[in-house]
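Here is a short report on one protein model. Please look over the sequence and the structure before reading on.

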Amino acid sequence: MFKDKRSLQKAEIAFGGILVLVSAFFLVESIKIINEGNKLRTTNAREAFLTSPGLMPLFLTTMLIIMGIALIIGAVKEVGGLNKEDFQTFKNWLKSKETKRSFIMLGFIIAYTFILLGRMPYEVSTFIFLAVFMFYFKASDWKRILIISTLATGIIAYAFGTLAMIPLP
C-alpha cells in the first residue's frame with residue numbers, strides 16, 4: 001500500500017487523527033468511571049481518585065492522545081499535510097478487496113466477542129466462530145473445517161478450562 005516514505009507519513013497523519021479520536025472517546029469513558037466511583041465512596045476525593053478503576057484507563061488514553069498528536073505533528077512537518085489526491089487514494093484503499101476482507105474479519109471478531117460469547121456456552125461460540133471464519137476464507141473442505149473447529153475448541157477448552165483452571169467466558 002505504501003509506495004514510499006512520503007505516502008507512509010501521510011498515512012501517519014490519518015492514523016494519528018484516528019488514534020486521538022478513539023482515545024478521546026475512551027478518555028471520556030474513564031472519567032465517567034472515576035465520577036461514578038466518587039459517588040459511591042465515602043472517603044475523601046483524593047483517595048477515591050487514586051483508587052478508582054478508571055485511573056489506569058485515564059492515564060493510558062492520555063498517553064495515547066499525546067502520542068497521536070506527536071505522530072501527526074511529526075508527519076505534518078515532513079509532508080505538509082494531506083491533499084485531495086490523498087483522500088482519493090484513501091477511498092480507493094477502502095474499496096479494495098483486501099480492506100473489505102479485513103473489515104469482514106473484524107466483524108466476525110466483534111460478533112464473536114459481543115454476540116456469541118455470553119449468550120451461548122464458550123465451546124459452542126468458539127466452534128461457530130472458527131467454523132464461520134474458516135468457511136469464509138475457504139481454508140479447506142467443509143469436513144476438515146468442522147473437524148479442525150471441533151478439535152481446536154476442545155483443546156482450548158480443556159487446556160485453559162481444565163488444566164490451567166482458567167474460567168472461560
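## Terms and basis

Helices (H or I, at least four residues) and strands (E, at least two) are DSSP runs, numbered from the N terminus. This is a predicted model, in which local features need pLDDT of at least 70, side-chain atom pairs count only at pLDDT 80 or more, and totals for chains, interfaces and linings use all residues. Residues are numbered from 1 along each chain as its sequence is written, and side-chain values use heavy atoms, with hydrogens and water left out.

## Overall build

The protein has 7 helices and 0 strands. Along the sequence the pattern reads α-α-α-α-α-α-α. The C-alpha trace spans about 55 × 55 × 25 Å along its principal axes. The radius of gyration is 22 Å, whereas a compact globule of 169 residues would have one near 15 Å. That radius is taken over C-alpha atoms, and the globule rule is 2.2 Å times the number of residues to the power 0.38.

Buried residues make up 22% of the 169 residues. Buried means under 20% relative accessible area, exposed means over 50%, and partly exposed lies in between (1.4 Å probe, protein chains only). Contact means heavy atoms within 4.5 Å. Among contacts between residues at least 6 apart in sequence, 55% join residues at least 24 apart.

## Surface and charge

The accessible surface comes to about 12200 Å², and 72% of this belongs to carbon and sulfur atoms. Areas come from the Shrake-Rupley method with a 1.4 Å probe; for residues, only the protein chains shown count as cover.

There are 19 positive and 11 negative side chains. The centres of the two sets lie 5 Å apart. Lys and Arg count as positive, Asp and Glu as negative; His and the chain ends are not counted. Each charge is placed at NZ of Lys, CZ of Arg, CG of Asp or CD of Glu.

Ser23 is found in helix α1 (residues 5-40). Ser30 lies in helix α1 too. Ser23 has 3% relative accessibility, so it counts as buried. Ser30 is buried as well, because its relative accessible area is 1%.

What does each one touch? Contacts of Ser23 include Thr61, Leu64 and Ile65, with residues up to four places away in sequence not counted. Ser30 is in contact with Gly54, Pro57, Leu58 and Thr61, leaving aside neighbours within four places.

Helix α5 (residues 97-116) has 20 residues, which should span 28 Å at 1.5 Å a residue; its end C-alpha atoms are 27 Å apart, so the two agree. The expected span is 1.5 Å times one less than the number of residues. The buried residues of α5 are Thr99, Phe108, Tyr112 and Leu116. They pack against α4 (84-95) and α6 (122-136).

Ser125 lies in helix α6. Ser125 counts as buried because its relative accessibility is 0%. Tyr112, Leu116, Leu117 and Met120 are in contact with Ser125, neighbours within four places aside.

## Positive phi values

Just after α5, Gly118 takes a positive phi of about 95°. Most residues other than glycine have a negative phi. Lys138 has a positive phi near 50°. Lys138 sits in the loop between α6 and α7 (142-163), and counts as exposed because its relative accessibility is 69%.

Met165 has a positive phi near 55°. Met165 is placed in the segment after α7, and is exposed, with a relative accessible area of 68%.
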